[in-house]
Amino acid sequence: MTAWIVILAVAAGTYGLRAVMLVVLDGRRMSPGVAHALSFIGPAMAGALVATMAFVGDGRLDPAPRPELAAMLVGFLAVHRTGNIMFALATGMPTLWLLRAVGG
Amino acid sequence: MLDTGTAPLVIVLSALLINTRLIAYGAGLAPWFATLSRRRRLLLAAPLLDQLYLAVAPRFERGDLDERGRQAYYAGAAIVTVFGWSAAQLVGVFAGAAVPDTVGLEVAAPVTFAGLLARATVSRASLTVAVAALAVGAAAGGLPYRSGPLAAAAVGVGVGCVAFPPRRGEDR
């Protein structure tokens, strides 16, 4: 029973976090400066999340093994070149398999 | 955590602290849906995940969709993300154990996020922001409650605002 209460509380709280700014900023004219800053949220969060996946383990600086880093780099470059997100997996995963196979 | 005797309130607060980054996504979406009713904005919040925001934001940044177009795009992306994610999780639960370790499924998510990062960095400004966040994110991994990504993103946005201030007349 306690577990379900915790799950429901986390779900409700998480929804609140998602919704709060959508409601608070409702109908207000935003200054160009604020709107400009908000346009950086995408690349900033993407960079921060990728950094965590690539370089952080057990709450400290702990880079992922080289094949994984190479797979991420190749996936990044492929999407940067093509604009198609599917190329991340299509190129990154074979890179991982190849490097693991040769012991990279 | 409950099994180890951790107080339920501590578990809830810890989970919410980890999810505080979702506040940023809500703020990022708000200007794109300026005329939407409050009730519909509350609907927008329901499926909002890292993957969904990072999929729609670069498309919206192109500036070639009006608000109606953005609503349609967001709805389509949300359906694909939520149902695709749920289906993939079901497959993982029932068939994941059958996939050999050599496939490296655990690397698929980081590789996909690297791709989402590439889609989000289409200009010199966005690339600078991402590099700053990436550097700080790597260094800030030890911050409590996994708050490193949020701190790194805040630094990234700050760097972007200082290095690339808004041009006169710029508006989203």
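How many salt bridges are counted between chain A and chain B?

Modeller: The count between chain A and chain B is one salt bridge, a term that requires a side-chain nitrogen of Lys or Arg within 4 Å of a carboxyl oxygen of Asp or Glu. A:Arg100 and B:Glu106 form this bridge, with the closest N and O atoms 3.1 Å apart. This is a predicted model, in which local features need pLDDT of at least 70 and side-chain atom pairs count only at pLDDT 80 or more, while totals for chains, interfaces and linings use all residues. Residues are numbered from 1 along each chain as its sequence is written, chains are lettered from A in the order in which they are written, and side-chain values use heavy atoms, with hydrogens and water left out.

In the interface, 62 residues of chain A are in contact (heavy atoms within 4.5 Å) with 77 residues of chain B. The two chains bury about 5800 Å² between them, 76% of it on carbon and sulfur atoms; buried area is the accessible area (1.4 Å probe) lost when two parts are put together, summed over both.

On the side of chain A that touches chain B, the elements giving two or more residues include helix H1 (2-24), helix H4 (66-82) and helix H5 (86-101) of chain A; helices are DSSP runs of H or I with at least four residues. H1(A) supplies the largest share, 15 residues. The residues of this side comprise 41 nonpolar, 15 polar and six charged, where Asp, Glu, Lys and Arg count as charged, Ala, Val, Leu, Ile, Met, Phe, Trp, Tyr, Cys and Pro as nonpolar, and the others, Gly among them, as polar.
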